[in-house]
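Q: Got a model open here and want a quick walk through it. Can we go piece by piece?

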Amino acid sequence: MGERHTRRSRGPSGQNTLPALSGPFLGRSDEIGLIRRAVADAVADKRACVIAIHGKPGVGKSALALQAAHHLRQSFPDAQLYLDLQAMGPAPLSMEQALERLLSALDNATVPDERWERVQALRKQSATIAALAVLDDASDDEDCDVLLLSGDRCATILTSRTPLSRIQPDLSLTVDVLHRRDSVALLTPSSGSGRRPTIVGDTTDTLAELCADLPLALRIIAALLAEDVGWTAEELAGELTDEHRRLDLMRVGNKEVRASFALSYRRLPPRQARLFRLMGLLDTPVVPAAVAHAATGEGNLRQTQEALEALARAQLIEPVGGHTYTFHALLRIYARERSRAEDTDDEATCAVRRALAVFAHRAQASARILDPLLPRETSPATDRSSLASGKAEPMAEAGEPTANRPEAETQTPAVPAVRPITAVAVTTQVKSVQDALGSLGNELPQPSALVSQAMAVHEPHLAVVLATAVRPYLEIRGRYKEAISVFSKVLEAGDSLSVTEQAAVRMGLARSLRRVGNHDAAREPLLRAAEVYGQEGLHTEQARVLAELGGIARETAQLPEAERYYRQAAACYERAGRTPEASGVLSEYGVILKEQGRFVEASAAMEAALVLLATASSDIRGIYSRAWALENLGAVRKRQGLLRRAVELHGQSLRAFAELDDPLGTGFALRNLGDLALAQGQLRLATRCYQAALDAFVPTESVPGLSQAYASLAIIHACRFRPVLAWHNAVMAARQTGVSVAGKLIVGIVGKLALIILRSGLRRARRRDVPMTEARIEDGRTP
């Protein structure tokens, strides 16, 4: 971060060979403060101070060390020294050469010939002076501890790419990339400079992102914009978007990002270099050790873990916990460059296929905790020879019924499972819902990219497995639009998929379409999936599709059709022996009865669903079914005027949804609790519930949830005589459903009418029931 022009001059009263600083230095204030405090403590204790700074290539270690040294000059008046050890260069200094240069810089008249004599001379000379030395680009390959200034009024700052195990510093700093605000500031023209073209804010953010906040890359881009080479910021951002050209453009003068990375890469042993290249091929920011091992297709997992640890020490990858590693974006591009240069196309494709197969297997293992109806392996149909070639075949065409299979086996869904390379390579420790959510969130932060990569390497089967495995996670997290994108990409495979795989993908797509309120688009793929599952005799999957169709019919006020679909779904679930799912459908059937005003029958159906769930397993499906059954029963009790019981039921469902970390269910539970608070005149509590419901719905982008939450807030603000807020929320509710301006006025009128009705019924409600309290809303208890 700045040119190093070594000059020899006198400091405050001694030798100064520190390079002059050039260019702005932004950020790193915390690191500078830590260094200054460590040095101050050492000076106060009258002992030598050693500061070690390490980090990935191009991160600005040297710039930080020099900046700190210039801050500390006044504290070391006798000498301020700089020595580039060139450990990563083609001709690193030997310790004998380094000792000679340090002694010469200290005006040592005679430099001894023997190394041990030079060490003694340096220690003797530094013992009587107040001196500071910056030893840049050190390495663990040499005994750099002999270069440390040992005097009790001396300090030494070392920089290196890898941590130095031979020294024990007073302060060890790992330097990372800049914060985005500092990256943007580094690219923003200085006021009054007149040299760089004007850069608009969005373009600056884009450039910082393309540089991945790496200081070396940022300084190069800033220099390119400052030079008169015909680039505008927008043009340069457009060129940098092409990954194949990005590193080509990141060079100016003697600064080059690619060359900086190459210094570390060329020191790697062949096995580590190959691992680095193949990991970079994967379109994911994080790579578990098991996946990296699968990509190499050689050795054992322990050897791969040791190689990964070595790459992490070399600052080429970063550990993120749980034997999982991540790449800096520019280092991943460099790894792909090296793979194109050193690996054949077949080798690269096979590595990606092997890695995706293990990704899919691990995702399935976690997803089954969230959705036990996902497939399970039944027979190992893939041998090691096919995996070694990179072809990840299904273990069995699970879900295709045969004459010899019992009914329980034929209920395995039609998405086949994937067999891993070795059992040890994919062992996961997922035992709970939170473990499963954490595993999928950490290992598949960008599932759409991996699905696209599976399609790119002509593995549509793996794309189906990845998409269906990640579906429960995306639904629980409310990432419906992302799920729509994933399944839409898989459907592009067309006839490459079996009919049952196409049905599974259509069902996953339709589930998310329904949850964002696009019922018309969801209905057609569900009907096609139901037809396929019926023909194949897959009763469990057919029941799930029928239940989705019932939900769409109910949400579009087609109650007789919804009742028919729910009856058919319950029959299919009972035939398959799926008690939790059957009870869930029974609960939904009760909702239909409730909306038809048949409250006694609705209550009986939902109570029966809860009784069934009490005897079923307590897996996540059972918890979900129970949560929605409680929510639906609470709605019935509210319609019956039993508000106390309704509060208890909605509070219990809220706890269940919170345990599952389900924003959609949480939002509906809070909205219903808000309705109950409003009905009992608890306006402030109702406001809190509605606002919390809105906050829960926002990340899900659920149109029904958002429109209901905004409408509820409009009503409550009208009740509290806040016309501006009431109008704002009414407009937002209308906007969610695409209602016109006239419709907005209707919403406002409806809100006022609801206020009149609620107030007129308030006294009757209070006579019938005990007033609601915040404690009941939060935990479902009554006083």
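Q: Leaving aside neighbours within four places in sequence, which residues is Tyr-334 in contact with?
A: Tyr-334 is in contact with Leu-247, Arg-258, Phe-261, Ala-262, Tyr-265 and Phe-276, leaving aside its neighbours within four places in sequence. Contact means heavy atoms within 4.5 Å.

Q: What kind of model is this, and how are residues numbered?
A: This is a predicted model, where local features need pLDDT of at least 70, side-chain atom pairs count only at pLDDT 80 or more, and totals for chains, interfaces and linings use all residues. Residues are numbered from 1 along each chain as its sequence is written, and side-chain values use heavy atoms, with hydrogens and water left out.

Q: Back to Tyr-334. Where is its place, and is it buried or exposed?
A: Tyr-334 sits in helix 14, residues 329-342. Its relative accessibility is 4%, so it counts as buried. Buried means under 20% relative accessible area, exposed over 50%, partly exposed in between (1.4 Å probe, protein chains only). Helices (H or I, at least four residues) and strands (E, at least two) are DSSP runs, numbered from the N terminus.

Q: How far apart are Tyr-334 and Tyr-265 in sequence and in space?
A: They are 69 residues apart in sequence and 9.6 Å apart in space, C-alpha to C-alpha.

Q: How many helices and strands are in the chain?
A: The chain has 35 helices and twelve strands. Of its 783 residues, 56% count as buried. Among contacts between residues at least 6 apart in sequence, 69% join residues at least 24 apart.

Q: How many residues of helix 11 are buried?
A: Eight of the ten residues of helix 11 (residues 270-279) are buried, so the helix is largely enclosed by the rest of the structure. Those buried are Gln-272, Ala-273, Arg-274, Leu-275, Phe-276, Arg-277, Leu-278 and Met-279.

Q: Now packing. At what angle do helix 22 and helix 23 pack?
A: Helix 22 (residues 499-515) and helix 23 (residues 519-536) pack at about 150 degrees, with their axes 8 Å apart. Axes are lines fitted to C-alpha atoms, for helices over the stretch in contact, and angles run from 0 to 180 degrees between N-to-C directions. Helix 22 and helix 23 are therefore roughly antiparallel. Angles under 35 degrees count as roughly parallel, over 145 as roughly antiparallel, 65 to 115 as roughly perpendicular and the rest as oblique.

Q: What residues make the contact, by class?
A: The contact of helix 22 with helix 23 has 13 nonpolar, two polar and four charged residues. Ala, Val, Leu, Ile, Met, Phe, Trp, Tyr, Cys and Pro count as nonpolar, Asp, Glu, Lys and Arg as charged, and the others, Gly among them, as polar.

Q: And helix 18 with helix 20, at what angle do they pack?
A: Helix 18 (residues 433-443) and helix 20 (residues 460-476) pack at about 105 degrees, with their axes 10 Å apart. They are therefore roughly perpendicular to each other. Leu-437, Leu-440 and Gly-441 of helix 18 make the contact with Ala-469, Tyr-473 and Ile-476 of helix 20. That divides into five nonpolar, one polar and no charged.

Q: How does helix 15 pack with helix 18?
A: Helix 15 (residues 345-370) packs on helix 18 at about 150 degrees, with the axes 8 Å apart. Helix 15 and helix 18 are therefore roughly antiparallel.

Q: Is Ala-557 buried or exposed?
A: Ala-557 counts as exposed, at 63% relative accessibility. Ala-557 lies in the loop between helix 24 (539-555) and helix 25. Its phi is positive, about 65 degrees, although it is not a glycine.

Q: What follows helix 25?
A: Gly-577 follows helix 25, with a positive phi near 75 degrees.

Q: Last one: where does Cys-154 lie?
A: Cys-154 lies in the loop between strand 5 (131-138) and strand 6 (155-160). Cys-154 is buried, with a relative accessible area of 2%. Not counting residues up to four places away in sequence, Cys-154 touches Arg-47, Ala-48, Cys-49, Phe-76, Ser-126, Ile-129, Ala-131 and Leu-149.
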